[in-house]
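This report looks at the fold of one protein, then at selected helix pairs and individual residues. Please keep the sequence and the coordinates at hand while reading.

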Amino acid sequence: AEEKAERAARKAGKTAAPAEQPVPPDTFPTRIRALRIEGGRMNFSDYFVQPNFSADVQDLSGTVGGISSAFESHAKVDLAGKLGEFSPVSIRGELQPFAFDRYTDIGLKFENISLPILNPYSTPLAGYAIAKGKLTTDLPYRIENRNLDAQHKIRVDQLEWGEATATQGEATLPVKFATALLKDRHGVISLDVPVAGTLDDPTFRIGPIVWQVIKNIIVKAVTAPFALLGSLFAGAEEAQFVDFAPGEDSLDAATAERLGALAQSLVEKPELKLDVPIGTLPELDRPALADRAYRSALEAVLTMRYAKAAKKGEPVPAFDSLGTEERIEVLGALVQQQTGARPQVPEAAIPEGTSREEAKALRQKAELEYLEQAARNGIAVPDIDLEKLGEARAAAVERALLAGGGLEPARVFKVREGKVTDEGGKVRFQLGLQ
């Protein structure tokens with residue numbers, strides 16, 4: 001009879017409806033329209049941490065509707081309670097109550113939780129007890145066929161650390177600095193902590209994974225603090241570096257703009273302070289300062305030489321525009337100023353057979369080279385000039401940071417122990433956060 005019915009259905013162009021999935025053999029067929037809970041209590045305890053952690057949700061009330069052991073059924077959950085007198089808890093979503101690992105889509109929300117109760121978790125990570133703070137979490141959990149996708153949205157308000165604890169555990173992180181980095185100007189830390197995995201993994205536990213992700217966030221905040229500021233403005237990672245040409249203390253427009261944006265982002269992090277190096281690289285800066293001093297000395301000689309012409313309003317010519325003989329005279333005058341005596345130029349070696357004109361050119365070239373080297377050798381760059389250059393650079397960075405008026409001057413520190421390096425022939429300052 002069944003075969004005849006199937007043939008008749010095929011002739012009619014119809015497909016037989018799939019048979020309903022059977023109830024698992026160990027499940028008693030169940031169907032409840034609604035379950036109402038009033039004044040309930042739910043306890044969570046974690047015995048893997050020392051000391052143990054426990055949280056007790058009280059006054060749990062609400063409904064679980066559409067409870068059924070049918071394979072495709074989903075019960076709707078709408079529960080509310082309190083974790084403490086002023087800390088509301090809500091649990092809402094859907095699940096298959098007899099096979100939660102096949103399908104669960106539940107959101108748990110905890111509000112206004114006093115952070116010190118989480119010290120069993122924070123102490124091994126931080127090495128400090130939590131003195132103050134409030135926690136609000138939004139925790140959507142979705143399980144399909146034993147695969148978990150959890151999105152933890154965590155808001156921490158006014159977190160303050162207390163005294164160091166006796167149980168340090170893995171507490172090797174500067175959590176107080178990381179906390180200052182993560183807080184916004186209102187003292188709020190907002191974190192997104194996703195967790196994914198399979199329930200078939202015997203080592204899979206949500207709690208340790210969440211704390212490990214938070215630990216990773218702290219490590220990133222400490223090791224790459226400017227990258228964290230990238231969430232506030234584009235280019236934050238580049239803003240920590242300020243490059244100067246050797247011997248120079250001025251900033252280009254792009255660098256000044258980045259520093260202004262950095263200052264505005266730090267307004268959102270009021271507990272942070274910024275270190276600006278005071279420094280030079282003598283191997284790059286001293287030759288550049290010497291060359292500048294040499295050029296200035298040449299200009300001074302030229303100014304004296306053409307003083308009468310200058311009085312008539314005529315321009316003083318540039319050294320490089322002068323003829324060979326006049327350049328020799330100017331250089332000779334400069335060396336005489338430096339040494340107090342007219343320089344004695346060695347006789348140039350002229351190859352035999354050289355024409356008179358060529359020999360003259362060779363002698364003049366040798367004389368120019370000798371006098372220029374003698375004039376440059378007479379230029380000394382004292383250490384005080386390098387110190388002044390380093391201070392001028394730090395002042396230029398400070399002005400760019402404070403130009404917008406948003407960042408408080410008391411939060412910017414000029415330090416002599418700052419990091420100064422050679423970056424492709426430029427002097428690089430690396431700003432620091434503390």
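In which strand is the place of Asn112? Asn112 sits in strand S5 (residues 103-114), where strands are DSSP runs of E with at least two residues and helices are runs of H or I with at least four, both numbered from the N terminus.

The model is predicted, with local features requiring pLDDT of at least 70 and side-chain atom pairs counted only at pLDDT 80 or more, whereas totals for chains, interfaces and linings use all residues. Residues are numbered from 1 along each chain as its sequence is written, and side-chain values use heavy atoms, with hydrogens and water left out.

**Overall composition**

The protein has twelve helices and 14 strands. Of its 434 residues, 37% count as buried, a term for a relative accessible area under 20%, with exposed meaning over 50% and partly exposed in between (1.4 Å probe, protein chains only). The protein exposes about 25,500 Å², of which carbon and sulfur atoms supply 53%. With contact taken as heavy atoms within 4.5 Å, residues 24 or more positions apart account for 65% of the contacts in the protein that have a separation of 6 or more.

**Helix pairs**

Two packed helices are described by the angle between their axes and the distance between the axes. Here the axes are lines fitted to C-alpha atoms over the stretch in contact, and angles run from 0 to 180 degrees between N-to-C directions.

| Helix pair | Angle | Axis distance |
|---|---|---|
| H10 (residues 324-339) and H11 (residues 356-377) | about 30° | 9 Å |
| H7 (residues 253-267) and H12 (residues 383-402) | roughly 55° | within 7 Å |

H7 is therefore oblique to H12, while H10 and H11 are roughly parallel to each other; angles under 35 degrees count as roughly parallel, over 145 as roughly antiparallel, 65 to 115 as roughly perpendicular and the rest as oblique. The crossing of H10 and H11 is left-handed, and that of H7 and H12 is right-handed; left-handed means that the near helix is turned anticlockwise from the far one by less than a right angle, and right-handed that it is turned clockwise.

In the contact of H7 with H12, Ala256, Leu259, Gly260, Leu262 and Ala263 of H7 meet Val397, Ala400 and Leu401 of H12. These residues divide into seven nonpolar, one polar and no charged, where Ala, Val, Leu, Ile, Met, Phe, Trp, Tyr, Cys and Pro count as nonpolar, Asp, Glu, Lys and Arg as charged, and the others, Gly among them, as polar. The contact of H10 with H11 involves residues including Ile328, Leu331 and Val335 in H10, and Leu368, Leu371 and Ala375 in H11. By class, that contact has eight nonpolar, four polar and five charged residues.

**Covered sites**

Helix H3 (residues 175-182) is mostly covered, with seven of its eight residues buried, among them Phe177, Leu181 and Leu182. Thr280, in the loop between strand S10 (274-277) and helix H8 (282-305), is also buried, with a relative accessible area of 19%. Leaving aside its neighbours within four places in sequence, Thr280 is in contact with Asp285, Leu386, Leu389, Gly390, Arg393 and Val420.

**Positive phi values**

Most residues other than glycine have a negative phi. Asn112, however, has a phi near 55° and is partly exposed, with a relative accessible area of 30%. Arg146 has a phi near 70°, a positive value in a residue other than glycine. Arg146 lies in the loop between strand S6 (128-144) and strand S7 (147-164) and is partly exposed, with a relative accessible area of 26%.

Note on methods
Accessible areas come from the Shrake-Rupley method with a 1.4 Å probe; for residues, only the protein chains shown count as cover.
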